Amino acid sequence: MKLTTLIFSLGIGLFAGGFNATVYAVETGATADSDFEQSFQAGVAKYQDKKYDEARLSFTDALQKNPQSVQTLVNLALAQFQLGKKGEAVALLRKAQNLDPDFSTPQAALKFILPQLDVKE
């Protein structure tokens, strides 16, 4: 089965005080076992339905089954961001970036989130 990564477009739908980016799902070349895939796809569906806390739980479950999944880390980070947990989102994105430095989504998300932190690095 192919994995789906939530991708967001930073130039569309931004508004003061929050994040309303366009999110869409893309399939990657990675494959996964059925338990992981079920949790992962549930997270994608819940995120797309704007059920961010439920998406967070599904992505957390998927991450426990495959801790090295960069796509899951990014998707979990996006759910955390939507829940207002910017610091946790940054940590997850940094982990994803360290696991796969060539994957551009964590870098783009960090570029958007870091200026919004209350405490600057």
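**A nonpolar core and the helices around it**

The largest nonpolar core of this predicted model has 28 residues, and those with the most contacts inside it are Phe 40, Tyr 47, Phe 59, Val 74, Leu 93 and Ile 113. A nonpolar core here is a set of buried Ala, Val, Leu, Ile, Met, Phe, Trp, Tyr and Cys residues joined through side-chain atoms within 4.5 Å. At least two residues of this core come from each of the helices H1 (34-48), H2 (52-65), H3 (70-82), H4 (86-99) and H5 (104-113), and the largest share, eight residues, is supplied by H3. Helices are DSSP runs (H or I, at least four residues), numbered from the N terminus.

Helix H3 also holds Thr 72, which counts as buried because its relative accessibility is 0%, where buried means under 20% relative accessible area with a 1.4 Å probe and protein chains only. Leaving aside neighbours within four places in sequence, Thr 72 is in contact (heavy atoms within 4.5 Å) with Phe 36, Phe 40, Phe 59, Ala 62 and Leu 63.

How do H1 and H3 cross, and at roughly what angle? Their axes, lines fitted to C-alpha atoms over the stretch in contact, with angles from 0 to 180 degrees between N-to-C directions, come within 11 Å and cross at roughly 35 degrees. The contact is made by Phe 36, Phe 40, Val 44 and Tyr 47 of H1 and by Gln 71, Thr 72, Asn 75, Leu 78, Ala 79 and Gln 82 of H3.

Residues are numbered from 1 along each chain as its sequence is written. Local features need pLDDT of at least 70, side-chain atom pairs count only at pLDDT 80 or more, totals for chains, interfaces and linings use all residues, and side-chain values use heavy atoms, with hydrogens and water left out.

Definitions and conventions:
Buried < 20%, exposed > 50% of the residue type's maximum accessible area, 1.4 Å probe, protein only.
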